[in-house]
Amino acid sequence: MEILHLDMPLDFCLNIAKLLMDHERESVGFHFLTIIHERFKSSENIGKVLILYIDMLLQRKEELLAKEKIEEIFLAHQTGRQLTEELMNWLHNILWRKAASSFEVQNYTDALQWYYYSLRFYSPDEMDLDFAKLQRNMACCYLNLQQLDKAKEAVAEAERRDPRNIFTQFYIFKIAVIEGNSERALQAIITLENILTDEESEDNDLVAERGSPTMLLSLAAQFALENGQQILAEKALEYLAQHSEDQEQVLTAVKCLLRLLLPKIAEMPESEDKKKEMDRLLTCLNRAFVKLSQPFGEEALSLESRANEAQWFRKIAWNLAVQCDKDPVIMREFFILSYKMSQFCPSDQVILIARKTCLLMAVAVDLEQGRKASTAFEQTMFLSRALEEIQTCNDIQNFLKQTGTSSNDSCEKLLLLYEFEVRAKLNDPLLESFLESVWELPHLETKTFEIIAIIAMEKPAHYPLIALKALKKALLLCKKEESIDVSQYSKCMHNLVNLSVPDGSSNVELCPLEEVWGYFEDALSHISRTKDYPEMEILWLMVKSWNTGVLMFSRSKYVSAEKWCGLALRFLDHLTSFKEYYETQMNMLYSQLVEALSNSKGPVFHEHGYWSKSD
């Protein structure tokens, strides 16, 4: 009363009223404010008093009186006594705060009343971004009241004023979903995602106010699923996993997306569409891996939670890899991803074997890619990558052997063959040292050495001496068997002789002819003891020995020539269906050979004496 008696200015009195109410003297402060209101009601600054008065009335839950004061301000506003911009913003904030409190208790009708009071103060020439926000807030209330038409009108106004706002697009999305307009809803979710990725967007401040900018994508996915719109939910979850910085949110989004997509993809026939869906899954799983790889923080996953999440994703990646047998490249990507995920899991026997298997499959694909590579650069890239995977796989295999949990010899053989092929094709200088240990391995089979021989001569590799050594070991192992596999023996003998004995007039000899003679004798010995020796192989050995004799004759080694041609006749004796065809020719040619030796007509015989396989 002393202050009033001193006739202090309005602002000073308002500050006193605020001071009282800020320090829990509401009754005194409100009484003082009432007196100020009466004293200054004819003042040009009465709006400032009224706004504070309205604020206090609402805090005291005297809403009816507050509405009367709002009407007073509106009447003054209509008659030209408009509030300053600062005071108008203050009033809007009070009204929106009151509307928000009603919205929180789900009293949407009351919230709309307070928003409507705010709306009345806007003139057509001052509809700014706040006006668009007001329309969105009203649209939200209308949607909760299931007044779809009014919600559409409000959102349309918001879109006209602020189309590049994520909340505007979110409400467009919701209304489109409710109406069953999938195309419109999809466009809205795509636009929303574009806004989130636009660094120049004016919505950044608005997004920041609501915490995570990806919150709306999560809500959109949930709303789409609740309304049976799976494709829209998939798109929202995909964008959520792409843009969210929250580790748990990304993992949850990817898991939800996978649960939606996996049953659908399993029923799809092999097609370009299925390949695109697989690529989509691979991208999502990679995002999950990135999030699992993030360093620990206050809100990061615990070690146990991380292991559990990784275990789930590891199995999914594995199953997807198995489904991609028609597309080895993407199959490899899923296996590698499964391997990476498994590194977050405890390294027990099951996980170690799974890692080893994933790497083996990846090596197989990389090797095949290396074989088909169109350039030397590409081939080196694939083979080098395969070698790294092989070395990691070997480490796992060795650890399993040390712990006594691995007895899988077939895996060890496969790794050996893979590593040999890679090193051979890369022309690795360490190839010889690698093979030193291979030759001494006790458990290798004939087939393994035969494969080594093939690989050694497969372009771009060219290691005939290694191939020869491998074939010798293969033949030796074959002969050690209690019951010799004739088919395997004949095949191995064929390859060994073919590599040892040069064709035509070549001077290249990988081993002495005396040693080669031993192979032929060994073959004859087996042929004489069995009736199952393939006749085509006998015929081939006959032609090979005959041509070797002719070659010796061309080199003026006449005794050797007669010896080898005589050997061919011994093979002729074991032919059955082909014997009649070759016998006359062979004997005639052999007679010519003997005659040529005695009459020195070598050149004549040399010109006509060779046989090819087709003869």
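Me: Where is Pro460 found?

Reply: Pro460 sits in the loop between α23 (446-456) and α24 (464-480). The peptide bond joining Lys459 and Pro460 is cis, with omega at about 5 degrees. Before going on: this is a predicted model, so local features need pLDDT of at least 70 and side-chain atom pairs count only at pLDDT 80 or more, while totals for chains, interfaces and linings use all residues. Residues are numbered from 1 along each chain as its sequence is written, and side-chain values use heavy atoms, leaving out hydrogens and water.

Me: What makes a stretch a helix here, and how many helices does the protein chain have?

Reply: Helices are DSSP runs of H or I with at least four residues, strands are runs of E with at least two, and both are numbered from the N terminus. By that rule the protein chain has 30 helices and zero strands.

Me: Take α10 and α11. At what angle do they pack?

Reply: α10 (residues 166-179) and α11 (residues 182-197) pack at about 165 degrees, and their axes are 8 Å apart. Those axes are lines fitted to C-alpha atoms over the stretch in contact, with angles between N-to-C directions running from 0 to 180 degrees.

Me: Which residues of α10 make the contact with α11?

Reply: On the α10 side they are Ile166, Gln169, Phe170, Ile172, Phe173, Ala176 and Val177. Those of α11 include Arg184, Ala188, Leu192 and Leu196. Contact means heavy atoms within 4.5 Å. By class there are 12 nonpolar, two polar and one charged residues, where nonpolar covers Ala, Val, Leu, Ile, Met, Phe, Trp, Tyr, Cys and Pro, charged covers Asp, Glu, Lys and Arg, and the others, Gly among them, are polar.

Me: And how do α11 and α13 cross?

Reply: The axes of α11 and α13 (residues 215-226) come within 11 Å and cross at roughly 165 degrees. That makes α11 roughly antiparallel to α13. The crossing is left-handed. Ile189, Leu192 and Leu196 of α11 make the contact with Leu216, Leu217 and Ala220 of α13. Sorted by class, that contact has six nonpolar, no polar and no charged residues.

Me: Gln229 is in the loop between α13 and α14 (230-243). Why is Gln229 called buried?

Reply: Its relative accessibility is 18%, and buried means under 20% relative accessible area, with exposed over 50% and partly exposed in between (1.4 Å probe, protein chains only). So Gln229 counts as buried. By the way, 47% of the 615 residues in the protein chain are buried.

Me: What makes the link from Gln229 to Ser182 a polar contact?

Reply: The side chains are joined at 3.2 Å. A polar contact is a pair of N or O atoms within 3.5 Å; within protein, one must be able to donate a hydrogen and the other to accept it, and residues adjacent in sequence count only if both atoms are side-chain atoms. Arg136, in α8 (residues 129-144), has a polar contact of 2.9 Å between its side chain and that of Thr168. Arg136 is at 4% relative accessibility, so it counts as buried.

Me: Asn427 and Ser556 both have positive phi. How do you know whether each is exposed or partly exposed?

Reply: Asn427, in the loop between α21 (409-425) and α22 (431-439), has a phi of about 55 degrees and a relative accessible area of 56%, so it is exposed. Ser556 lies in the loop between α27 (535-554) and α28 (558-572), with phi near 65 degrees. At 47% relative accessibility, Ser556 is partly exposed.

Me: Last one: why is Ala568 called buried?

Reply: Ala568 of α28 has a relative accessible area of 0%, so it is buried. Ala568 and Trp546 are 22 residues apart in sequence, with 5.2 Å from C-alpha to C-alpha. Leaving out residues up to four places away in sequence, Ala568 touches Met542, Ser545, Trp546 and Met586.

Notes:
Angles under 35 degrees count as roughly parallel, over 145 as roughly antiparallel, 65 to 115 as roughly perpendicular and the rest as oblique. A crossing is left-handed if the near helix is turned anticlockwise from the far one by less than a right angle, and right-handed if clockwise.
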